[in-house]
Amino acid sequence: MKKTNIKIMYRSVKYLLILAMSLSINISYSSDFKEALNVIEVRKTAMQSLWHRIKRISPYVELKEKVDYNKDLATEDAKEIIVLLEKAKNLWSENSNLSAKGFTNATPAVWALPEYFGKLYSEAEKSAYQLKDSIIEDNIENTTEAMCNLGKACGTCHANFRRLLTNQLSNEVSGWSGKYIKNCNSVTVN
Ligand code: HEC
């Protein structure tokens with residue numbers, strides 16, 4: 001083989017290698033991105049399910065009787081709130097910090113202030129456990145307090161770490177952004 005041919009061959013192999021490398025980087029980037037989108041989707045769904053359970057349990061906590069709802073269902077909902085909080089706890093991977101591109105409503109503060117985020121998260125968990133226990137024990141006062149504290153933790157977290165579009169504010173503010181039962185003011189919330 002001529003020397004020039006060998007040179008050309010060597011060069012093409014080099015280019016092929018570079019091409020293959022950049023392709024694999026692209027592929028791993030896009031699967032990383034897909035994984036992030038999946039994480040965002042799953043955490044939004046978990047949050048929606050949390051809200052679904054809160055809505056169901058609130059009237060019970062407010063002592064509004066309903067024929068098709070009882071202590072067993074309330075206990076089940078309270079347990080599920082704990083499960084959902086535990087599940088959503090691990091869904092904040094660094095690569096899902098994508099609010100700039102509009103893929104998530106979680107603001108970059110989640111990743112910039114992990115301690116404060118974690119503190120509010122722990123408060124929500126603590127209140128959820130208290131809610132479950134006090135429902136089981138039929139302790140009305142503690143049930144109210146737990147629900148108020150839970151609402152406060154969820155609401156404070158959203159106020160600090162979730163971006164809202166102005167048109168979403170009006171219909172969400174009375175909903176899941178904070179106060180889940182009416183008689184919270186009489187209770188001391190820490
Ligand atoms: C420590 C912080 C934190 C706590 C506690 C928390 N959330 Fe969230 N929640 C968020 C963030 C951040 C988002 C935005 C997630 C996203 O867009 O990726 C969110 C989103 C939501 C959404 C909208 C989901 C969607 O489809 O976009 C609902 C509903 C919700 N949360 C309900 C709740 C309820 C109910 C509780 C309490 C029982 C709760 N959350 C507790 C931080 C929290």
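The buried residues of helix α4 are covered by elements that include α2 and α5, where contact between two residues is taken to mean that their C-beta atoms, placed from the backbone, lie within 7 Å. These buried residues are Leu120, Ala124, Ser127, Ala128, Leu131, Lys132, Ser134 and Ile135, a residue being called buried if 20 or more other C-beta atoms lie within 10 Å of its own, exposed if 12 or fewer do, and partly exposed in between, again with C-beta atoms placed from the backbone. The model is a predicted one, in which local features need pLDDT of at least 70 and side-chain atom pairs count only at pLDDT 80 or more, while totals for chains, interfaces and linings use all residues. Residues are numbered from 1 along each chain as its sequence is written.

Helix α4 has 23 residues and reaches 33 Å from its first C-alpha to its last, which is close to the 33 Å expected at 1.5 Å a residue; the expected span is 1.5 Å times one less than the number of residues in the helix. An α-helix has 3.6 residues a turn, so residues three or four places apart point the same way. Tyr116 also belongs to α4, but this residue is partly exposed because 15 C-beta neighbours lie inside 10 Å. The C-alpha atoms of Tyr116 and Phe161, which are 45 residues apart along the chain, are separated by 9.9 Å.

The chain as a whole contains six helices and zero strands, where helices (H or I, at least four residues) and strands (E, at least two) are DSSP runs numbered from the N terminus. Buried residues make up 23% of the 190 residues in the chain. Among contacts between residues at least 6 apart in sequence, 72% join residues at least 24 apart. With pLDDT being the predictor's confidence in each residue, from 0 to 100, the chain averages 87, and 86% of the residues score at least 70. Confidence is highest in α4, at 98, and lowest in helix α6 (residues 166-173), at a mean of 54.

The largest nonpolar core holds 24 residues, of which Ala78, Ala124, Ala128, Leu131, Met147 and Leu150 touch the most other members. The elements that give two or more residues to this core are α1, α2 (71-89), α4 and α5; such a core is a set of buried Ala, Val, Leu, Ile, Met, Phe, Trp, Tyr and Cys residues joined through C-beta atoms within 7 Å. Once the neighbours within four places in sequence are left aside, Ala128 is in contact with Ala78, Ile81, Ile82, Leu85 and Leu150. Leu84, in helix α2, is buried because 20 other C-beta atoms lie within 10 Å. Not counting residues up to four places away in sequence, Leu84 touches Ala46, Ser49 and Leu50, and its C-alpha atom is separated by 7.7 Å from that of Met47, 37 residues apart along the chain. Lys152, placed in helix α5, likewise counts as buried because there are 21 C-beta neighbours inside 10 Å. The C-alpha atoms of Lys152 and Leu120, 32 residues apart along the chain, are separated by 9.2 Å.

Two loop residues complete the description. Leu63, found in the loop between α1 and α2, has a positive phi of about 60 degrees although it is not a glycine, and this residue counts as exposed because 11 other C-beta atoms lie within 10 Å. Asp138 lies in the loop between α4 and α5, just after α4, and takes a positive phi of about 55 degrees. Asp138 counts as exposed because there are 9 C-beta neighbours inside 10 Å.
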